[in-house]
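Keep the coordinates open while reading.

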Amino acid sequence: MKKLKNIYLFLAIIVLLQSCEKMIEIDMPNDQINTENVFKDHRSATTALNNLYINLRETSIYGGVSQVMGTSLGLYTDEIEPVFVFPESENFLLFNNTLDPTRYILSSMWNSSYTNIYAINSFIIGVTNSNGISPEDKTLLLAQVYVLRAMYYQALTQIYGDIPYTITTDYKANTKITKTSSFKVLELIEQDLLKAKESLTYSNNTVNKYYPNKAVAELILAKNYLLQKKYEKAEFYAKLVMDNPMYNIETDLSKVFKNSAKSTIWQMANSTKTAATYEARSYIIISNNSGYKLSKSLLNSFNVHDLRKLHWTNIFLNTNNVYSYKYKNRLSNNLDECSILFRIEEAYFILSEALIYQEREKEAIPYLNAIRQRAGLSPLSNTLNKEQVLLAMLNESQKEFFLEHGRRFFDLKRNNKLSLLKTTKPNWQDKHALLPYPEKELLINPNLNPQNEY
């Protein structure tokens, strides 16, 4: 009974943290959290870890609901647009690139991320200081959480640039924290991922792929090295993922987003066995007055023979509204779809990009052709120059990863190609490469001066 009380205490703490509007406003002194009891043994710590995974699905930028990276950055770039436009609505402001730091849509991504980071830091401190968890169990528990923290920070620094980086739960210090440069943040993320990969194995939870294993850490690390422009290291880790016999490109496009896909590296469990994924509920149109349709520019980028358009898009009734149909079970799951976080196809693009920036663009072409040929397209010519291969890679990525956790925005930004959006987004400006900090954060923390004027 005492153990159960401790578990319930931790769950109550997490709920309280989720309800806080932002991490830096959480006024919960450390002495109010009895971490010694919450992390008394491996069982209670595992319960706490599972709750962090629930947060990842339910209250994070990686979820499939509105106001997360997939939807928000899809609207912000040129992937989707609202089916029915309500002037001055949150979605319209994003779609119109009219950013208002006072609006909820911008504060939501920031707040949910830092609230989850706070919970992760609390977990790390609690497990590290626990006397009731064996060193071996501590190592594996912490490795998984280092991956989670790396994911949040890597997304945040790509969206906002320089950001507060904290590994503490000192609420007073967090209200005065200064910004850390994006370059330093990437180095700190790298350290988390290197620690994680040393402790994780490829066999960690591989049956349902609900938890990160060593391949997940390697894939995120490969992307981290792209961001740091350490292309040889990005190439090395991308190849590790691609050479792993546990994963292969899913040749049947109708199965890529099924929970049995051999290309999936990490997917999130649904809230219940029969619950539909949030992506299916968010992107499948059921009304002329709501939802999101794929943009004309995205649809026009597909070759008429591209099998991805056939399998991953659908038309609402007799309208011109084409929507994302990657996830197909909107009303019930039929036990065969989970929200995918990472799949092996991304390693092919990371490797291609790393080779291009090492002046080895000819070596990148076969990896892009593997993706194209699966889609029923003819291979790229081996005579393309560096710039042509780079643009071809971005074009393929646009069609391969649309509405998957903001990859379109991240790809264009990382390759200094956000200016391409000026042809599809009339209001796009160079300053839009960074989203503004939420206004309330600027008022609370005087050290968090804005990086752009909006």
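## Burial and backbone in a loop

Buried means under 20% relative accessible area. Leu 403 has a relative accessible area of 7%, so Leu 403 is buried. This residue lies in the loop between α17 and α18.

His 405 is found in the loop between α17 and α18. Its phi is near 60°, again positive in a residue that is not glycine. His 405 has 8% relative accessibility and therefore counts as buried.

## Confidence

The model is predicted. The chain averages a pLDDT of 89, and 91% of the residues score at least 70. Over residues 1-33 the pLDDT is below 50. Beyond near neighbours in sequence, that stretch has 56 contacts in the model. Where pLDDT is low, the predicted coordinates should not be read in detail.

## Salt bridges

Side chains of opposite charge can pair when their charged atoms come close. The count here comes to 33 salt bridges.

Which parts of the chain does the pair of Glu 353 and Arg 414 link? Start with the geometry: Glu 353 forms a salt bridge with Arg 414, and the closest N and O atoms are 2.7 Å apart. The pair links distant parts of the chain. Glu 353 sits in helix α15 (residues 345-356), Arg 414 in helix α18 (residues 407-414), and 61 residues separate them. Glu 353 counts as buried because its relative accessibility is 2%. Arg 414 is buried too, with a relative accessible area of 12%.

Glu 363 and Arg 360 form a salt bridge, with 2.9 Å between the closest N and O atoms.

Glu 345 forms a salt bridge with Arg 343, the closest N and O atoms being 3.3 Å apart. Both Glu 345 and Arg 343 are buried.

Salt bridges that share partners join a set of residues into one network. Its members are Asp 306, Arg 308, Lys 326, Arg 343, Glu 345, Arg 372, Arg 374, Glu 396, Lys 399, Glu 400 and Glu 404.

## Helix α16

Helix α16 covers residues 361-374, 14 residues in total. From first C-alpha to last, the helix reaches 21 Å, close to the 20 Å expected at 1.5 Å a residue. Just after α16, Gly 376 takes a positive phi of about 80°.

Which residues of α16 are buried? They are Glu 361, Ala 364, Ile 365, Leu 368, Asn 369, Ile 371, Arg 372 and Arg 374. An α-helix has 3.6 residues a turn, so residues three or four places apart point the same way. The buried residues of α16 pack against α14 (307-312), β8 (339-343), α15 and α17 (386-400). Arg 372 and Arg 374 also belong to the salt-bridge network.

## Asn 329

Asn 329 is found in the loop between β7 (322-324) and β8. At 11% relative accessibility, Asn 329 counts as buried. Its side chain reaches the backbone oxygen of Asn 333 at 2.7 Å.

What does Asn 329 contact, leaving aside neighbours within four places in sequence? The contacts are Lys 258, Ala 276, Thr 277, Ala 280, Asn 334, Asp 336 and Glu 337.

Methods. Residues are numbered from 1 along each chain as its sequence is written. Side-chain values use heavy atoms; hydrogens and water are left out. A salt bridge is a side-chain nitrogen of Lys or Arg within 4 Å of a carboxyl oxygen of Asp or Glu. Buried means under 20% relative accessible area, exposed over 50%, partly exposed in between (1.4 Å probe, protein chains only). Helices (H or I, at least four residues) and strands (E, at least two) are DSSP runs, numbered from the N terminus. pLDDT is the predictor's confidence in each residue, from 0 to 100. Contact means heavy atoms within 4.5 Å. The expected span of a helix is 1.5 Å times one less than its number of residues. A polar contact is a pair of N or O atoms within 3.5 Å; within protein, one must be able to donate a hydrogen and the other to accept it, and residues adjacent in sequence count only if both atoms are side-chain atoms.
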